[in-house]
Amino acid sequence: MVEGKSPIWKRPMDLMVFSFFLCHIPITILFAPQVVLPPDMRDVWIPESFKLILLNSVELTGDPILAMAIHGRPTWIAWVMAGELLFQLPFFFYACYCLMKNVDMRMACVVYTTHVLTTMMPVVGQLMSSSGEWKQVIGWQLMYM
């Protein structure tokens, strides 16, 4: 991407990537703090509506990683979600800005992608070791990828 005046709606690939990053902002804000904070702090800092959205999401999708985060919160998932809050969330805003302004952000995307691929290793490992049906496990792996 070269800095330019072309509006984002005339750049379909950029519009698709912009939509991806924009959609992940509210998801990260809604879900990640609930996983990062210990249960006693969640009651103080997380609004009930956010808790209900997470519970309904887990119930609707059957997401094993978020379900595990709610009902047991292993340390590894809390740290992965902390990385989402501290690194990915600011990047989502930065990426949306760069895409709107048509500014080159290739190097930032390389750093972001490296971070995402590194954090996916424990997620995929957890899914591979789950006792679910293979079709379901593969489906979850594809969803997280």
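Biologist: Why is cysteine 109 called partly exposed?
Modeller: Relative accessible area decides that: under 20% is buried, over 50% is exposed, and partly exposed lies in between, using a 1.4 Å probe and protein chains only. Cysteine 109 has 22% relative accessibility, so it counts as partly exposed.

Biologist: What should I know about the model itself?
Modeller: It is a predicted model, where local features need pLDDT of at least 70 and side-chain atom pairs count only at pLDDT 80 or more, while totals for chains, interfaces and linings use all residues. Residues are numbered from 1 along each chain as its sequence is written, and side-chain values use heavy atoms, leaving out hydrogens and water.

Biologist: And cysteine 96, is that buried or exposed?
Modeller: Cysteine 96 counts as buried, because its relative accessibility is 7%.

Biologist: How many disulfides does the protein have, and how do you know?
Modeller: A disulfide requires a pair of cysteine sulfur atoms within 2.5 Å. The count by that rule is zero. For cysteine 96, the nearest cysteine sulfur belongs to cysteine 23 and is 9.0 Å away, so cysteine 96 is in no disulfide. For cysteine 109, the nearest one belongs to cysteine 98, at 8.1 Å, so cysteine 109 is in none either.

Biologist: Which kinds of element make up the protein?
Modeller: There are seven helices and zero strands. Both kinds are DSSP runs numbered from the N terminus: helices are H or I runs of at least four residues, and strands are E runs of at least two.

Biologist: Why is glutamine 88 called buried?
Modeller: Its relative accessible area is 7%, which is why glutamine 88 counts as buried. You will find glutamine 88 in helix H5, residues 75-101.

Biologist: Which residues is glutamine 88 in contact with, leaving aside neighbours within four places in sequence?
Modeller: Contact means heavy atoms within 4.5 Å. Glutamine 88 then has Gly83, Tyr112, His115, Val116 and Thr119 as partners, with neighbours within four places in sequence left aside.

Biologist: What makes helix H4 mostly covered?
Modeller: H4 spans residues 64-71, and six of its eight residues are buried. They are Ile65, Leu66, Ala67, Met68, Ala69 and Ile70. At the start of H4, a side-chain oxygen of aspartate 63 comes within 2.9 Å of the backbone nitrogen of isoleucine 65. After H4 comes arginine 73, with a positive phi near 40°.

Biologist: Why is valine 36 called partly exposed?
Modeller: Valine 36 is at 24% relative accessibility, so it counts as partly exposed. It belongs to helix H1, residues 12-36. Neighbours within four places in sequence aside, valine 36 is in contact with Arg73, Ala78, Met81, Ala82 and Leu85.

Biologist: How far apart are valine 36 and alanine 69?
Modeller: Valine 36 and alanine 69 are 33 residues apart in sequence, and their C-alpha atoms are 8.9 Å apart in space.

Technical notes:
Polar contact = N/O pair within 3.5 Å; in protein donor to acceptor, adjacent residues only side chain to side chain.
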